[in-house]
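User: I would like to learn how to read an interface and a strand in a model. Please take me through both.
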Amino acid sequence: MSKPDIRNFCIIAHIDHGKSTLADRLLEKTRTIEKRNMIKQVLDDMDLEQERGITIKLHAIQMIYTSPEKKEYIFNLIDTPGHVDFSYEVSRSLAACEGALLVVDATQGVEAQTISNLYLAIDNGLEIIPVINKIDLQNAMVDEVTEQIIELLGCKKEDIILASAKADIGTELILEAIVNKIPPAKTETDKPLRALIFDSKFDIYRGVVVYIRVFEGSIKEGDAIKFFFSGNTFTAEEVGVLRMGRIKSHIINAGDVGYLIAGIKDVNDTRVGDTIFKINQPVSEPLPGYKEVKSMVFSGIYPSSTEDFENLRESLAKLKLNDAALTYEPETSVALGFGFRCGFLGMLHMEIVQERLEREYGLTIITTVPNVEYRVYKTNGEVILVDNPSHMPEPAKIDYIEEPYISANIITPNEFIGNLMKLANERRGVFLSTNYVDAKRVDLHFEFPLSEIVFDFYDKLKSYSRGYASFDYAFKDFRESDLVKLDILLNGDSVDALSTIVHRDKSFDWGKRLCSKLKELIPKQMFEVAIQAAIGSKIVARETISAMRKNVTAKCYGGDISRKRKLLEKQKEGKKRMKQIGSVEIPQEAFHAVLSLN
Amino acid sequence: MSGIYIHIPFCKRRCNYCDFFFTTNTKLTDDFLRSLSIEIKLHSATFPELTFDTISFGGGTPSLLGGENIANIISVIRNNFNISEDTEISLEANPEDLTGNKIEELQRSGINRLSIGVQSFIDSELKFLTRHHTSLQAEDVVKRALDTISNVSIDIIYSLPSQRFEDIAYSISKANELGVKHVSAYTLTFEDKTLLTKQETEGKIIRNTPEHEATLYETVACNLSTLGFRQYEISNFAKQGFESRHNKKYWELKNYLGIGPSSHSFIHSKRWNNVKNLGLYSEMLKKDELPVENLYELTNEELKSDFIMLALRAGGVCFDEYSRRFDNSFLLTYKTVIDNLVRDGFAGKSQDNFCLTSKGYAIADEIIARYF
């Protein structure tokens with residue numbers, strides 16, 4: 001019997017457009033998993049993913065499909081993360097495929113993120129199978145969405161599959177399209193091994209499990225292997241395919257997808273996009289497309305109580321085992337003590353890390369306002385990277401500063417163009433072009449300083465467009481900007497954790513709003529507290545919190561001390577959660593003041 | 001010396017600000033008095049080493065009981081405990097109960113200190129507080145009480161919604177004019193499940209701002225001290241020699257035994273309270289069972305923090321007393337805190353005592369929670 005044909009594919013969809021449900025349906029139809037064993041959306045197996053309804057880490061799964069003509073095919077479904085922060089990981093999992101299902105929600109239409117991922121897929125030469133999902137819903141706009149897809153892909157109407165993953169409509173058509181439209185994977189087993197790493201995860205018993213797509217040659221147990229970019233060498237201890245669990249297969253041949261265990265202790269040794277080859281069959285060319293993943297957004301993470309510092313260190317180390325994109329290094333803050341400066345791919349990535357630290361590791365943490373990384377050209381010719389506002393050199397020592405810019409696409413119904421132009425203007429956006437996606441929707445192309453979108457941009461975007469606009473971005477370049485460091489002083493003491501870097505034109509307004517926000521958040525103290533915003537030694541805004549004059553419960557009821565005691569214990573607990581700056585006690589929310597400025 | 005507190009759980013009606021335990025069913029009085037006697041007798045052998053020099057009737061409204069009943073209770077107490085000769089026997093009274101020769105009756109029963117629930121000398125304020133006496137009645141009662149039992153205290157409630165400084169100043173000067181020796185001045189508090197809180201929730205009344213409340217407090221403290229009343233606790237002001245000996249037991253971590261439903265006790269580092277329910281209270285005593293619950297022995301740390309908290313709310317931490325009790329030096333343990341608080345005018349320090357000032361009392365909770 002000849003080896004079955006292999007189809008490697010992924011699903012491109014916006015959050016909530018039904019990717020996971022469709023994946024479930026395919027697994028069920030191919031009997032990869034019995035219906036009764038299904039927990040809803042098996043591919044998203046982290047709690048947090050299920051809760052947020054988004055796939056954060058990609059996974060792969062193999063199915064055996066038997067066609068109506070009784071021919072067997074191997075389907076490798078490679079799942080992709082659904083958020084802009086993880087676009088590099090998306091690009092690598094796309095590179096492992098020959099085709100993609102483009103899933104669009106019939107009630108929502110095409111969204112910015114779908115488009116950017118679609119372009120990535122087309123760039124990677126993937127065959128696209130368009131699917132309109134949720135056609136059974138009352139508010140489905142099948143005609144409009146069909147029109148959008150035709151506009152986008154230049155395909156024919158009859159190429160588009162109408163489906164409802166939930167109601168199991170169109171699933172067979174999708175399976176047949178995978179067989180008929182997606183090119184079979186090439187099986188050049190006689191060439192030297194070249195395999196692409198598209199993901200990895202840490203298993204406490206086996207070390208790092210590497211997910212690979214073999215393009216040429218084959219990898220088998222016992223092979224001495226080397227990673228092209230990291231230069232690390234290992235021995236393949238176990239290889240296999242991915243079904244509902246890992247299944248040893250002793251060998252993975254060209255064209256197939258599987259896993260590799262090689263006694264690797266650290267996920268950082270297995271960089272997504274790297275090429276694996278055999279030491280005894282060196283290759284001169286890696287597979288294309290490798291990039292070093294860089295942190296875009298930075299934030300200080302501090303334990304709420306200082307004695308948790310070691311716990312935090314251990315927790316970050318454990319998180320990092322599964323998250324190579326997370327970076328962290330120790331830093332100290334006058335205000336917050338010992339903590340870590342952490343680097344993230346983007347805001348979502350940051351939120352996920354924070355939430356996992358609190359939920360999975362039971363820590364209470366304080367995070368400082370996120371910022372981007374600046375390139376500072378000093379007057380002495382030195383160029384430094386600054387990822388912490390409090391490390392910004394004195395103004396006199398700075399020649400100029402460059403900040404990261406992104407290129408952004410916003411897709412919106414055309415009635416909100418005016419609102420979004422206003423938002424872009426507020427955020428120092430540079431307008432580039434408009435393209436009509438269909439008669440009613442436009443794709444606005446902008447460039448923004450990354451710092452302007454790291455906080456609350458997404459919320460603003462949604463509120464300016466009544467929830468309809470969607471947004472996608474990619475790093476563009478560094479550009480010179482007139483930036484200043486804005487410090488916050490409490491009774492004359494500078495609070496390093498509250499320093500921010502802002503554009504000079506915005507600094508006065510920013511300082512004013514920050515001071516008044518802090519006035520709201522910092523409770524009255526025994527003394528008057530002066531809140532000042534300063535650029536260098538120049539005070540640009542000031543607020544005063546008057547001294548507390550009364551805080552006492554009048555009576556100890558007929559010798560009932562316990563009541564009084566309980567009240568005091570509660571107050572003491574509250575104080576423990578405060579941070580002491582000089583003589584001023586600051587609640588933890590104050591460190592997020594900037595985030596809620598609007 | 002130790003103190004005895006007797007809780008009389010009856011009121012004619014509930015005042016809008018009150019969340020204390022009481023019943024309006026005065027038919028239960030006889031049954032209650034029988035239970036009280038049983039409780040006193042059950043306790044009699046328990047603390048033979050203690051001598052008591054205060055008996056305090058609180059409530060509820062102890063003045064609802066006749067002089068005879070009071071006399072009986074005092075006599076049962078005298079028969080079952082070591083009672084010192086010069087014992088302070090005080091009773092809380094509502095002005096409307098002190099009619100006819102009630103004051104003389106009470107005096108004959110042994111009461112030598114009266115604490116009268118005047119609350120205000122302004123009729124509109126009394127009405128707001130749902131009290132059932134007028135300012136004239138209050139003045140008359142206070143005068144007669146002072147003639148009969150010279151040791152008279154009055155309760156004042158201040159910081160009524162949008163109360164003016166001159167309003168509270170008027171009640172204070174009236175009290176002084178009448179010759180009262182002691183004033184307990186409490187801020188109006190909005191307790192859960194009171195009519196007052198309900199009125200606030202419904203938007204019918206608006207609570208004072210903390211600023212306004214603070215200014216009223218300062219008016220009270222300043223005016224009383226100008227008139228020669230010494231602030232010896234956050235809410236208590238007395239002429240020389242007229243401090244409440246009983247209340248000081250609470251604040252100085254002395255032993256006190258509570259009798260009656262919902263009363264609290266603290267003896268030999270143990271705290272407990274009696275059950276709150278009058279029916280259950282009587283039922284248990286009929287079976288010769290003490291109606292005690294929440295019995296708890298404080299650790300040394302808890303004693304220490306209670307000692308500091310209570311002392312700072314009242315006459316201050318006595319250094320000798322502190323080192324005798326806890327075997328270390330208050331001054332050394334809290335040196336920086338003490339110096340800073342004294343420097344900033346929140347506290348004063350003498351050779352043997354550290355005490356909050358009036359300004360410090362006003363934010364006592366903050367100071368205690370933050371530093372002690």
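User: How many residue pairs are in polar contact across the interface of chain A and chain B?

Analyst: A polar contact is a pair of N or O atoms within 3.5 Å; within protein, one must be able to donate a hydrogen and the other to accept it, and residues adjacent in sequence count only if both atoms are side-chain atoms. Across the interface of chain A and chain B, the rule finds 16 such residue pairs, both at pLDDT 80 or more. Helix H13 (residues 561-576) of chain A gives the largest share of the side of chain A that touches chain B, 9 residues. Helices (H or I, at least four residues) and strands (E, at least two) are DSSP runs, numbered from the N terminus.

This is a predicted model: local features need pLDDT of at least 70, side-chain atom pairs count only at pLDDT 80 or more, and totals for chains, interfaces and linings use all residues. Residues are numbered from 1 along each chain as its sequence is written, chains are lettered from A and ligands numbered from 1 in the order in which they are written, and side-chain values use heavy atoms, with hydrogens and water left out.

User: How many salt bridges are there between chain A and chain B?

Analyst: A salt bridge needs a side-chain nitrogen of Lys or Arg within 4 Å of a carboxyl oxygen of Asp or Glu. The count between chain A and chain B is 9. One of them joins Lys564(A) to Asp365(B), with the closest N and O atoms 3.1 Å apart.

User: What is the area buried between chain A and chain B?

Analyst: The size of an interface is often given as the accessible area lost when the parts come together. Buried area is that loss (1.4 Å probe), summed over both parts. Here the area is about 3300 Å², and carbon and sulfur atoms give 54% of it. Contact, meaning heavy atoms within 4.5 Å, takes in 30 residues from chain A and 40 residues from chain B.

User: Now a strand. Is E15(A) mostly covered or uncovered?

Analyst: Buried means under 20% relative accessible area, exposed over 50%, partly exposed in between (1.4 Å probe, protein chains only). In strand E15 (residues 257-261) of chain A, 5 of its 5 residues are buried. One side holds Val257(A), Tyr259(A) and Ile261(A), the other Gly258(A) and Leu260(A).

User: Which strands pair with E15(A)?

Analyst: Two strands pair if DSSP finds at least two bridges between them. Strand E8 (residues 207-216) of chain A pairs antiparallel with E15(A) over 5 bridges. There, Ile212(A) stands opposite Gly258(A). Strand E12 (residues 238-242) of chain A also runs antiparallel to E15(A), joined by 3 bridges. Glu238(A) stands opposite Ile261(A).

Technical notes. Buried area is the accessible area (1.4 Å probe) that two parts lose on being put together, summed over both.
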